[in-house]
Amino acid sequence: MAFFPLFPWILRILVRVLHPLFQYFLNERSLYLAIGWMLNSTLFTLAAISLNKLTFNLFGSRTAAKLSSLLFCFNPASVFMSSLYTESLFSCLQFTAMYFLEQQRTTLVVLLFSLGCATRSNGVLSCGFLAHRMTKNYVSSGLSSFISDTGSLTFWHLQSGTKLLLKLVILNGIVLFPFIIFQLYGYYLYCIPPRSFLGNLTNSPWCDKLVPFSYSYIQDNYWNVGFLCYFEFKQIPNFALASPVIILSVNAVLNYCLNHRNIETVKNLGLFQRKEKSDKMTRKPIRQNVGITGKQEFDFYQHPDVFVYVVHLFFMTLFGFTSMHVQVTTRFVASASPVIYWYSAHVIMKETYCQSHRLDNRKWKSQLIIGYFLSYFFIGTALHCNFYPWT
């Protein structure tokens, strides 16, 4: 009950379909491994394509899109994208849903985020993207008329607000549906008699809780997962292993939030557009943004629509640092947030531009980022494949 069912279901179905064709060459166990590797490699490729399309759609920069997707291909958790883990499937669903979110295709967004919830537990955070986007649309249309026109609350505004709240509950309920159903399934298996396969064992302690979720109980009692539970002297090596992605994420958050162009965006939680807009940074059709060059090309990271992605990264980093096995933070962040790739591309493009224009010869930040990505890519692959502890 600690692992979510979508990836095993897909793998099992593929093996059952293909087993008659390969039963004379591979046993069932080998077939699981082969199909799992091919499936995750395909999903990883699709995730990179979705990240490329999301980046280009959001910023209109082909350079930023290509560099971000290239960094993703060599990300520090890359070995888990090819192994039989859920990261590739989750990345593919997450980045594709984000792309459709920017396209305002709500039905596909809800479907993909819901499938993400059936893949990994952190899929529940996807509700924040829907809530923010719908609230932003409401603020920019209905609430703006309330502020600018009458200045007083009318029945129409109350009706619109109620509809928004109801729509949020319904759509986020659909997103969370797989998570809730899976927990109810666990409750049915272990807490409701008859339980013939359990013998005479008594109910698990989590069965009598107010919110009987097996997932949180397993995490807490068997894996020692909880707030500051991992803050032990013996865990210092694991904190050191996770420190690069934590530092990178914190820098990405601070670089965005402390930039003078984003002060107003941060204050209004990204719900209102900036009053002062650069012609190059306003949301225009893609074909009008393709010509971004020079300094304004690497400034793509300061786009106001990045705010919600930055908040998502901040929460994941904070939660990973304080309430998880901290070494898992690397793949936890790398498989779910495009921001670390956007920020890394921003730093590399900025330092390359400054050096080519003799503005600054220092490139230590981009060198550190590239060194971190490549070293974890190769070392992680070697260690994980030989059963040594890795992220």
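Q: Which handedness does the crossing of helix 2 and helix 3 have?
A: The crossing of helix 2 and helix 3 is right-handed. Do keep in mind that this is a predicted model.

Q: How should I read a pair of packed helices, and at what angle do the axes of helix 2 and helix 3 cross?
A: The general idea is that two packed helices are described by the angle between their axes and by the distance between those axes. Here, the axes of helix 2 and helix 3 (residues 62–73) come within 8 Å and cross at roughly 155°. Since angles over 145 degrees count as roughly antiparallel, helix 2 is therefore roughly antiparallel to helix 3.

Q: Which residues of helix 2 and helix 3 meet?
A: From helix 2, look for Phe44, Ala47, Ala48, Leu51, Asn52, Thr55 and Phe56. They meet Arg62, Ala64, Ala65, Lys66, Ser68, Ser69, Phe72 and Cys73 of helix 3. Sorted by class, this contact has nine nonpolar, four polar and two charged residues.

Q: Now for another partner: is helix 2 roughly parallel or roughly antiparallel to helix 5?
A: Start with the axes again. Those of helix 2 (residues 28–59) and helix 5 (residues 87–102) come within 8 Å and cross at roughly 25°. Angles under 35 degrees count as roughly parallel, so helix 2 is roughly parallel to helix 5. Helix 2 passes helix 5 in a left-handed crossing.

Q: Which residues make the contact of helix 2 and helix 5?
A: On the helix 2 side, they include Leu43, Phe44, Ala47, Leu51 and Leu54. On the helix 5 side, Leu89, Cys92, Phe95 and Tyr99 are among them. By class, the contact of helix 2 with helix 5 has twelve nonpolar, six polar and two charged residues.

Q: What angle do helix 10 and helix 14 make?
A: Helix 10 (residues 236–257) and helix 14 pack at about 150°, and their axes are 10 Å apart. These two helices are therefore roughly antiparallel to each other. Helix 10 passes helix 14 in a left-handed crossing.

Q: Which residues should I click on to see helix 10 meet helix 14?
A: In helix 10, pick Phe239, Ile246, Ser249, Ala252, Val253, Tyr256 and Cys257. Their partners in helix 14 are Phe307, Val310, Leu313, Phe314, Thr317 and Phe321. This contact has eleven nonpolar, two polar and no charged residues.

Q: Which residues line the largest cavity?
A: The lining is made up of His132, Arg133, Lys136, Pro304, Asp305, Phe307 and Val308. Helix 7 (127–150) and helix 14 (307–323) are the elements that give two or more residues to it, and helix 7 has the largest share, with three residues. By class, the lining of the largest cavity has three nonpolar, one polar and three charged residues.

Q: What is the volume of the largest pocket, and which residues lie nearest its centre?
A: The largest pocket has a volume of about 1,100 Å³. Its lining has 37 residues, and Arg120, Ser121, Tyr215, Gln219 and Trp223 lie nearest the centre. Helix 1 (6–22), helix 9 (214–222), helix 14 and helix 15 (329–334) each supply at least two lining residues. The lining of this pocket has 22 nonpolar, eleven polar and four charged residues.

Definitions and conventions: Residues are numbered from 1 along each chain as its sequence is written. This is a predicted model: local features need pLDDT of at least 70, side-chain atom pairs count only at pLDDT 80 or more; totals for chains, interfaces and linings use all residues. Side-chain values use heavy atoms; hydrogens and water are left out. On a 1 Å grid over the protein atoms alone, a cavity is a set of points where a 1.4 Å probe fits but cannot get out, and a pocket is an open set with protein on both sides within 12 Å along at least five of seven lines; lining residues have an atom within 4 Å of a point. Helices (H or I, at least four residues) and strands (E, at least two) are DSSP runs, numbered from the N terminus. Ala, Val, Leu, Ile, Met, Phe, Trp, Tyr, Cys and Pro count as nonpolar, Asp, Glu, Lys and Arg as charged, and the others, Gly among them, as polar. Axes are lines fitted to C-alpha atoms, for helices over the stretch in contact, and angles run from 0 to 180 degrees between N-to-C directions. Angles under 35 degrees count as roughly parallel, over 145 as roughly antiparallel, 65 to 115 as roughly perpendicular and the rest as oblique. A crossing is left-handed if the near helix is turned anticlockwise from the far one by less than a right angle, and right-handed if clockwise. Contact means heavy atoms within 4.5 Å. Grid points are joined across faces, edges and corners, and a volume is the space filled by probe spheres set on the points.
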